[in-house]
Amino acid sequence: MENILGIEKPSKLLRSFAIPSIISMLVSSLYNIVDQIFIGQGVGYLGNAATNVAFPLTTITLAISLLIGIGSASRFSLYLGAKENDRARHVIGNGIMAMLISSVIYVILVFLFLTPLMRAFGATDRILPYALQYTSITTLGAPFLIGTNVLSNMIRADGSPKYSMACMLVGAVMNTILDPIFIFIFSMGVAGAAWATVIGQVGSFVVGAIYLKNFKHVQLERKDFRFSLHQTLETAAIGISASINQCAILVVQIVLNNSLVYYGQFSVYGQDIPLAACGIVMKVNSILMAVIIGISQGTQPIVGFNYGAKSYERVRQTLRLSLSYGLAVSIIGWACFQLFTAPILSVFGTGDPLYFEFATHFMKIFLSLSCVISIQIISSGYFSAVGKPLKGMVLSLTRQVLFFIPLVLILPHFLGLDGIMYSAPVADGVAFVVSLIFVLREWKHLKRLEIEG
């Protein structure tokens, strides 16, 4: 059976792959957003601050799952394009085993160092009890979250983006239903939100695991499910840029949380309000990020397969479309952030007037240049998908590590809390310029390959 990735019109392919991927990413972000909404209404801003402190642990699980999931899916697509089905099959089996091993190691390490981790992530004395209660439960669901994200990428690469979407949708629906029941009816507070999240993650994983018997382009056998260090390192080399991007986000979250707590104590807002407000703004921004990452993920199997098949014109067409869609979405998101700031924030509860005042100010400034973030995300994913992980890794590091973190550490010395806020748009602007240079050079390279071919 001829693979549609090599024959279908790129615009139609991108829509069919990106839309389910976008929905999957939106559903994934809803896990945290739904928790924030119900916790904000049922517990208050200290509960929201606790989930913000706990969020770096979710970022770590995503870093693990993207390292394995994106790496495996990209290699799978490249091997399918080159008609090396045996190698494609082995990549999937090894990826599943790597997923299981890494999940177990993660859970053990988190439980061993849970309290120090919460302190390192910025928990104050008032927030720590909520954070410990929440994370001690959600850590139990981490293996299922990692597994779902790995399987979702593999399923999408096999040409079943709608099934990949269904994996995430099942868990989100379960979480949304259970959150108000556990928090309001059973009065379980943040623990209720945590259990609702875990149960949803288990549901998503089960749906994803069922697909292993139904791959379209390869027939998985028991012998394929074995761990190979060599295979894992090759997979990690491809998935490293997406994973490093999450690791960079982790470092940003830690630096950002601690900076907000430190400089907040010298302001009228205190330590807890800036931390809680930042958590809400980051979750709101995660909606825009989910759409852009969904476009990127929908692009990857298409460009990976066609690059492997040396169909460079199709690669170029897909890249142009994905960048155009991403830019349009980011502009719309930016307009919503700037024009509807108060209505968006009120969904998460108003609480203390000082809290709402700071959150509004923070959101307008922090996301003031979010209109250009799509270029960096999509181009980074593209380079990983076509087997150029070094370029993908460099682009992943530009915004978060090379620009944002130094700015967060330097600007507050002169501007206080405002310095933290202005660090984001400055970093976004510089990262946009760097990414644009990389994309233009790659565009010329693809045209040259197209002419030579």
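## Terms and model

Buried means under 20% relative accessible area, exposed means over 50%, and partly exposed lies in between (1.4 Å probe, protein chains only). This is a predicted model: local features need pLDDT of at least 70, side-chain atom pairs count only at pLDDT 80 or more, and totals for chains, interfaces and linings use all residues. Residues are numbered from 1 along each chain as its sequence is written, and side-chain values use heavy atoms, with hydrogens and water left out.

## Salt bridges

A salt bridge is a side-chain nitrogen of Lys or Arg within 4 Å of a carboxyl oxygen of Asp or Glu. By this rule the count is 11. D86, R89 and D224 form a network of them.

R316 pairs with E450, with the closest N and O atoms 2.9 Å apart. E450 sits in helix 17 (residues 417–452) and R316 in helix 11, 134 residues apart. Helices are DSSP runs (H or I, at least four residues), numbered from the N terminus. R316 has 15% relative accessibility, so R316 is buried. E450, at 27%, is partly exposed.

E442 and K388 also meet in a salt bridge, at 3.0 Å, N to O. E442 belongs to helix 17, and K388 to the loop between helix 14 and helix 15 (389–410). E442 is buried at 2% relative accessibility. K388 is buried at 18%.

## Helix 11 and helix 14

The axes of helix 11 (residues 312–339) and helix 14 (residues 373–385) come within 9 Å and cross at roughly 150°. Axes are lines fitted to C-alpha atoms, for helices over the stretch in contact; angles run from 0 to 180 degrees between N-to-C directions.

Definitions and conventions. Helices (H or I, at least four residues) and strands (E, at least two) are DSSP runs, numbered from the N terminus.
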